[in-house]
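Student: I have a new model on screen. Can you walk me through the fold and a few residues?

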Amino acid sequence: MVSPSYLAVHPWLRIVYVVSEVERGTVCAIDFSTPGRLKLLSTLPTHGASPCHVTVNSAGTRAAVSNYDGGNVSVFELDERGDLGRRLWTTKFSGCGPDRIRQRSAHPHQATFVGENLLVTDLGSDAVHLLSPEGGVIRSYAAPAGFGPRHLVVRDDESLVVLGELRAEVAVLEPGPQEEHWRTRVPSSRQSMKALPSGIVSDGRYVFVANRVTNSIMKVEFHESATDDIRWEESSCGGDGPRDLELLGSRLCVANQDSSLIVFFDKDSLQQVECVEQTSVSCVVAVPQ
């Protein structure tokens, strides 16, 4: 496949879903249940340009694809074998932001299933959208101007930790019944305000952020109280251009795309423990056991 950019795995089946970040975007389902062999099950159009993210719900019944240049999100049905089925719906977004180059139109960068609903980070229009199971927009949470929401993680208290690529910041969003509160905003790197953060993961206590320009990993602890007190530390990512990161038990795995290295760290100390070469690696995912 051409320009594979992001992966997602089925919750329990040995199926991986891959998007091709090209003008006529596609998503495919691949069976990897046989050791040493990949079997292509299906390939479907994503109905949008430059798909940059794919995710699967916990029930293993739906896959959502974010089409960055298409300005939309498409959701597909998954059958009992984990194969891609019919497209259920596509939701198109609108809007823009103050960055005349990166925010001329809507650019959804990630979709996250929350129960039956879907949260979408829209870098182009400075918003986080909440969609219904049918694809309707329930609510849009406005981010600070020029923030550029890229990815997010959902905390146990249902607040959201949102990664702002354009401002190189990490913020806590507390969705309220009437209005949202952006409680805490901290730099994604202490080294540069233009760090180009790329990925964010959380183990429930800590949040880990990858920064491409500074080639660093930031580890942040947000307190449960409504104060702005935080603890953070920053370390080298062990390579160049970290595009993605993932938690694997006690380890943090970082995909350094520009140096073609997958680097493993102890998540508590951020000490490097292993390094594997992999050409132009852009995404890593944990496979359910």
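Tutor: Start with a term: two strands pair if DSSP finds at least two bridges between them. Helices (H or I, at least four residues) and strands (E, at least two) are DSSP runs, numbered from the N terminus. With that, strand β7 (residues 72-78) and strand β8 (residues 84-92) pair in the antiparallel sense over six bridges.

Student: Before we go on, what kind of model is this and how are things counted?

Tutor: This is a predicted model, where local features need pLDDT of at least 70, side-chain atom pairs count only at pLDDT 80 or more, and totals for chains, interfaces and linings use all residues. Residues are numbered from 1 along each chain as its sequence is written, and side-chain values use heavy atoms, with hydrogens and water left out.

Student: Back to β7 and β8. Which residue stands opposite Leu78 in β8?

Tutor: Leu84 does. The hairpin of β7 and β8 has five residues between the strands, and Gly82 takes a positive phi near 90 degrees there.

Student: How many helices and strands are there in the protein chain?

Tutor: Zero helices and 24 strands.

Student: What share of the residues is buried?

Tutor: Buried residues make up 53% of the 289. The cut-offs: buried means under 20% relative accessible area, exposed over 50%, partly exposed in between (1.4 Å probe, protein chains only).

Student: And contacts between residues 24 or more positions apart, what percentage are they?

Tutor: They account for 40% of the contacts with a separation of 6 or more. Contact means heavy atoms within 4.5 Å.

Student: Now β5. Is strand β5 mostly covered or uncovered?

Tutor: Mostly covered: six of the six residues in β5 (residues 51-56) are buried. One of its residues is His53.

Student: Why does His53 count as buried?

Tutor: Because its relative accessible area is 3%. Leaving aside neighbours within four places in sequence, His53 is in contact with several residues, among them His109, Gln110, Ala111 and His151. Its contacts also include Ala64, Val65 and Ser66.

Student: Which strand does β5 pair with?

Tutor: β5 pairs with strand β6 (residues 62-67), antiparallel, over five bridges. Val56 stands opposite Ala63 in β6. The two strands form a hairpin with five residues between them, and Gly60 in the turn has a positive phi of about 70 degrees.

Student: What about β9 and β10? How many residues are between them?

Tutor: Two, and Gly115 in that hairpin turn has a positive phi of about 65 degrees. Strand β9 (residues 108-114) and strand β10 (residues 117-122) are antiparallel partners over six bridges. Asn117 in β10 is the bridge partner of Val114. Six of the seven residues in β9 are buried.

Student: Switching to Tyr141. Where is Tyr141 found?

Tutor: In strand β12 (residues 137-142). Tyr141 counts as buried at 7% relative accessibility. Beyond neighbours within four places in sequence, its contacts include Asp126, Leu173 and Glu180.

Student: Last one, Arg243. How many residues apart are Arg243 and Cys283 in sequence?

Tutor: They are 40 residues apart in sequence and 6.8 Å apart in space, C-alpha to C-alpha. Arg243 is in strand β21 (residues 242-248). Not counting residues up to four places away in sequence, Arg243 touches a set that includes Glu21, Arg150 and Ser282.
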